[in-house]
Amino acid sequence: MSIWRAIMKKPRTAVRSCRQKQASGHEGREKQVLSSSQVKPSTPDGLARRQKEVVLRASVSPYHLFRDTAEVTVFRENLLSWYDREKRDLPWRRRAEGEVDPDRRAYAEVANAAGPGQCIPGGGEPALGWPGLLFSRPAAAGGSPEDQADFWIPLCQATGVVDGNVVRVLCRVRAIGADSGSTFVSQQLWSLAQQLVDPARPGDFNQAAMELGATVCTPQHPRCSQCPVQSMCRAHQRVEREQLVASQSLPGSPDVEECAPSAGQCQLCAPPTEPWDQTLGVANFPRKASRRPPREECSATCVLEQPRALGGARILLVQRPKSGLLAGLWEFPSVTVEPSGQCQREALLRELQSWAGPLPATHLQHLGQVVHTFSHIKLTYQVYGLALEGQIPVTITPPGARWLTREEFHAAAVSTAMKKVFRVYEGQRPGTCKGSKRSQVSAPSTQRKPSPGQQVLDSFFRPHHPTDVSSLNSMAQ
Ligand code: SF4
Ligand code: ZN
């Protein structure tokens with residue numbers, strides 16, 4: 001693909017044209033860092049555009065921006081010193097490096113990288129050049145592509161470039177999870193690129209950003225440990241936080257900066273329908289609007305409660321495997337089942353027993369269902385509840401399981417789906433208002449006659465119905 005085609009179309013409101021900049025005799029570039037807009041309202045059109053930009057930026061949390069010029073400076077320095085050490089020996093770079101004049105050097109890069117004739121549809125219009133300059137080619141210019149390079153006119157210097165690699169780097173560095181193909185996100189990315197580009201070395205900076213995306217911050221297997229901007233990468237910080245939450249901090253969550261929009265839903269975060277996918281890591285960013293419908297899966301899950309445990313009622317949570325969907329998160333004991341519902345009670349009972357020992361199968365009640373959509377899976381939870389009667393002191397639990405009080409559960413790092421499941425359980429407990437709106441209870445499916453397997457299980461459990469806690473806990477150890 002032509003380099004010129006690969007460079008993303010710049011949204012009209014993202015960056016003002018250099019002609020505008022020159023005409024307005026504006027303040028220096030450094031002052032643009034963290035400014036709310038790069039467009040001066042010199043005309044009614046400009047005013048409307050600026051007002052629109054202010055409204056758009058008002059909905060962006062500072063979490064997705066660079067805090068101050070010091071942070072921007074560190075980013076530039078880290079990226080450029082890495083680039084100076086690591087850049088690949090590409091043919092157009094060799095030719096460009098022979099040029100002493102930085103402008104001619106930029107032209108050489110353009111001529112060798114793509115050929116100037118490819119990049120400006122309709123001669124005479126300003127277009128974004130490869131190394132970070134804006135160019136215009138007079139429509140009358142002719143000759144070979146390399147000759148044409150001499151006719152290119154630089155309109156101004158130091159323009160940040162956004163191509164596919166830079167989209168990926170910026171979305172990760174600033175944890176932008178909203179659809180990267182949307183106009184709004186595109187505007188923010190151009191604005192970020194413009195803030196970051198080094199006015200002293202714009203061409204090198206833009207190539208460095210592209211190089212980082214091509215060689216380190218790659219789509220599938222980013223090498224974060226070798227990344228020069230890792231210390232300021234929010235995607236990397238987010239991965240570390242999620243791992244900490246999954247592995248240690250139940251209940252509670254670590255004190256790491258998160259997006260906190262002043263009002264409503266942040267326009268640069270992923271929508272709530274597309275929560276964090278543990279399996280993707282930093283590759284949760286960037287995110288394209290999903291085109292394929294999510295895969296459908298079904299799971300049976302059970303809130304297992306000891307209502308009269310010492311110190312108050314407790315519910316069982318277990319930790320998911322270290323890989324796969326929601327890796328390492330805590331949940332009610334669950335099993336993946338056929339959507340048809342075949343054998344789900346039996347499978348769920350086996351799972352419960354593996355954590356808590358023999359249980360009174362007849363007490364296992366189907367309460368309703370919860371549908372939760374992850375990034376690529378639509379998961380229907382069949383919600384069951386089982387309350388163990390009797391005074392059951394909670395002592396030792398098997399590794400990967402915990403009995404929590406309600407307060408601990410609500411403070412714990414459990415998924416939104418599990419919170420929904422618990423609301424169904426709470427809505428169906430004896431003595432509560434069944435079917436309240438808040439609990440999002442779906443009516444239980446028609447009570448099925450116990451299958452032969454179920455009857456066997458029931459009869460197996462009946463004689464062993466625990467009357468005190470020791471049976472449960474001794475078997476659970
Ligand atoms: Fe990309 Fe990782 Fe570097 Fe962040 S730390 S910019 S995700 S390579
Ligand atoms: Zn956000």
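Predicted model: local features only at pLDDT ≥ 70, side-chain atom pairs only at ≥ 80, totals over all residues.
Four donors count as tetrahedral if all their angles lie between 85 and 135 degrees, and a donor here is an N, O or S atom within 2.8 Å of the metal (3.2 Å for Na, K and Ca), with water not among the atoms, so sites may look incomplete. Residues are numbered from 1 along each chain as written, chains are lettered from A and ligands numbered from 1 in the order written, and side-chain values use heavy atoms, leaving out hydrogens and water.

**Zinc site**
- H64 (NE2), C259 (SG), C266 (SG) and C269 (SG) hold the zinc ion (ligand 2) at 2.1 to 2.3 Å.
- Along the sequence, these donor residues follow the spacing H-x194-C-x6-C-x2-C.
- H64, in the loop between α3 (44-58) and α4 (69-86), and C259, in the loop between α11 (234-247) and β4 (295-306), are 195 residues apart, so the pair links distant parts of the chain (helices are DSSP runs of H or I, at least four residues, and strands runs of E, at least two, numbered from the N terminus).
- H64 counts as buried because its relative accessibility is 0% (buried is under 20% relative accessible area, exposed over 50%, partly exposed in between, with a 1.4 Å probe and protein chains only).

**Helix α9**
- α9 is mostly covered, with 13 of its 14 residues buried.

**Helix α12**
- Buried residues of α12 include L348, L349, L352 and W355.
- Just after α12, G357 takes a positive phi of about 80 degrees.
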